[in-house]
Every structure is written in C-alpha cells, then in structure tokens.
Amino acid sequence: MADRIILTIGTKKGVFVAEAAKARRSFSLHGPFGLGIPVYSTLIDTRGTPRLYASSCNPFFGMKVLRSTDMGKSFKETKSAPAFPKDDGRALANIWSLEAGGGKKELWCGVEPASLFRSRDGGDSWDLVPGISNHEHARKWHPGNGGLCMHTIIRDGNRMHLGISTGGHYLSEDGGETFRASNQGVGAGFAPDPYPEFGQCVHKIAWHDDAPGRLYMQNHGGWSDWTGPGGPRPDIGVLRSDDYGHSWRSIAKGLPSDFGFPIVVHPHDADTVYVMPLDPMTRSCPGGAPAVWRSENGGNSWSRLAHGLPKKQSYFTVQRDAMDIDRLKTPALYFGTTTGHLWIGKEGGEQWNCLFDSLPPIHNIKVAVV
Amino acid sequence: MGLAPTITIHVPGPLRAYCAGAAQISISAHTVRAALEDLERSQAAFYRNVCDETGTVRRHLNVFVNSDNVRDLDDGIDTTLMPGDVVTILPAVSGG
C-alpha cells in the first residue's frame, strides 16, 4: 500500500533520505550516505520492491553508483559504474542522471562528458549507448559552466528525449538506437546564430505521461539585452513543445526572468507547470526574494507562489534537478537550495515551509509515494 | 631487462575496501606505469579508483615513489623502480 513519502536528497557531501507519512507533517532524515562525496543524481525506482539509487561522484577516486534495497537505511556500491571503453579516449567525469527503463531492472544513465549508458541488471553492469554517445555531433558539443552533461532522460515508449548542456535536445524514435538534434525554436544566447541546429544550453526538460506530445523546457535564458552579432534573444529560456519535441515555442512571457534551472510538471495536469526564475547574473531569485512561478494554462500566463518563503535577502540557487513534485492527490512541491535548505510547498506550492535548514548544498531532489 | 624489483604499494584508507582490506600490496614492476598495469590485472577494483578509463592517473590523486611525487620527476609515470621502493597513492589536498 502506498502510504509513505520518500525524498532522496543528493548533496555536495553525500545522499540523504527523508521520509514522512502521507500527511507530510514531519519528515525524518537518514544519512548522509556516500560520506563526503557529491551526489548529482538520484532515482527512486518504484518498479517492484522500491530501490533507491544515487550517483556518488568522487573527484578523487571516480564515479560510483550506490543502491539501497532497504528504503534508504543503507547504500552499497553496485558492481560497476558506467565507464567508457578503454580505446574511446573519454573518461567519465560525472553522473548527472539516473532513470528507470523497461522491465524491472533496466536503468539509463546520463553522464559527463555527455553520453548515455544503459544497464539491464539494476546497475551492476553498463553499456555505452552509441546512437547518442558516438553521435556525429558529440565531439562538437561544448561544456557549459556545469560541465558537458547529459542531465535529462525521458522515455516514452520507443521515443526518448535527451537534454544536454550544451548540446541541446536530442530525440530518438526507435528506442534509443538513433538520435537526431531536435531544437527547432530553441534559442542559444552564446553563439552568433541565435537558433543553431544543436549546441543549445538546455537546462532541463519535463513532460507528463498522460500528454506525451507536450514537453516543457527550461533553456539558458537571460539574453534579452544581448547586443552582439545576431541581436537580442528575449524569452528563449522557457519553452513548450506540442509535437513530441519536434519544435518548440516560447512561453516565457509574464515571468520575471527567463533564466532558471528546474522545470516541473504537475502530476495530474499537463497544463500546470512550475519554474523558478533566477537572475542570470547572480543565479538567485530576482530581488533576493525567492518564488516558484506556476502556470495553469500551459505557459500562457504565470502566477507567483511565495507564501512562506523569505521575502528578501535570500540569494541561493536552485539547481536543475533540485525541484520535484509528489504524486498525491493534492501534490506538494519540494526544492533544495545551494544553501542547504529543503523547502516543501504544500497545496501545489501555495504554502511553503522549510523542512531542513542546514544540509550541505543540495544538487538533487527526487520524491515518490511508496 | 632483468627481474623486476619487488616494491610495495601503500593503499590509502578509503581504498582498502577495494583490495580486501589490504594496507599494502607487494608487486614486482620495473616502473610506476608497469606497477599500475599490474594492479589493473591483479586488483581491478582498486585500479579503477586510481586510474580512469584511459589509463591516466586520476586528476586529484598523487602517486609518490618514496617521497617524490611522480608528477615532479623527469620520467613521470615511467619512473624506474628500485627494490624496496614504496609507492604511495594519496588524494590531493583539497577543501570545501
């Protein structure tokens, strides 16, 4: 019976697991696991007996995948982590995304330098997915400030969407065998061509499984005042697709900034989408006043959700994977900050409360009802 | 080239779990590179923590031959080993 809320919290110093009853009145906290090692991706795998996964990105000793089979009471390394073939010439620098695949044990993993790996045994062995990892564009992608990372993996039957920073959005319609850049309408602010075929700094892509043709993208915005070659590029930061990611259009009008990192879709309404607009220079909320912004009409208009959040002097960043929403009837949003605060926004973000205020800097939040 | 000298690899604490708890490993190798290649064959899990997929020593690790960091030695990773040498693998100092 699904009656517990589980949060995995990937931080600069390991992974934590928080747990609460469905009422979400009080969360207990376990961890950190993978002591002292940054965790950029986590996965709550609810296929069969729930398992938790975390990437443990050790700058000294390399990448590991951690797995918990006891709901976060303990984690152990899987038998191996993704690794490039010895003759490839690339070396794994980070693990940015872990997603469940088909069956009960398939996993997908996006890494830095941007490449995709697949496991068929719950993370004990991994194979490079050549269709994207060896794509003709792969050696032409360039890292952004966060590194050349594959951070988004969305599976929809034989369709697969990948988000790469900076590479753009890539789409497969044959189960991940082949991919093509699919960035029509996705702008770039840091290249002379405002709408290149690929190379955009996509920050995150989200979708709703009841409306798979609809996707939302938080792209690297903040280029409305650009005066260089190609001219200004206003509103390229928040986008929507209605044709399975073949083309995109801006939905940024009405937001205080089109720059941001996470983008999250309501679990029961594909028209409701949440972003956290950030000032592109400080990468904190405009005016030092944090707020999540919600659209309930697919991005045609936006409203500010800040009740309970600090009203001033808050200059944290919310990173690309540090916001999620649970799937209860009236869902709650969760976001974690670079200052180690974990916030819950009950009633779909109407009322915010701080769950934990002294965690390490937070990279990743995932939530599930188990 | 004669018989390879026997040297000692000192294993840092965080990596002992990858070589059955051993604090030291004795191997025979003419150079640091050969010692690492031996580790790749004999202690694969430990080796993966020390070198990346390309065979390069991980960026934030230092390998010392006795008290010398091989990055500072003329022959680097190809530094010749002598009988009784101690090769120590240590994380670079860092903070934050």
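Author: Pro32(A) sits in strand 3 (residues 28-33) of chain A; strands here are DSSP runs of E with at least two residues, and helices are runs of H or I with at least four, numbered from the N terminus. This is a predicted model, where local features need pLDDT of at least 70, side-chain atom pairs count only at pLDDT 80 or more, and totals for chains, interfaces and linings use all residues. Residues count from 1 along each chain as its sequence is written, while chains are lettered from A and ligands numbered from 1 in the order written.

Reader: What is omega for the cis peptide bond joining Gly31(A) and Pro32(A)?

Author: Pro32(A) belongs to strand 3 of chain A. The cis bond links it to Gly31(A), with omega at about 5 degrees.

Reader: Is Arg283(A) buried, partly exposed or exposed?

Author: Buried means 20 or more other C-beta atoms within 10 Å of a residue's own, exposed means 12 or fewer, and partly exposed is in between, with C-beta atoms placed from the backbone. Arg283(A) has 18 such neighbours inside 10 Å, so it counts as partly exposed.

Reader: Which residue is the bridge partner of Thr8(A) in strand 28 of chain A?

Author: Strand 1 (residues 4-11) of chain A runs antiparallel to strand 28 of chain A, with seven bridges joining them; strands pair if DSSP finds at least two bridges between them. Six of the eight residues of strand 28 (residues 362-369) are buried, so it is largely enclosed by the rest of the structure. There, the partner of Thr8(A) is Lys366(A).
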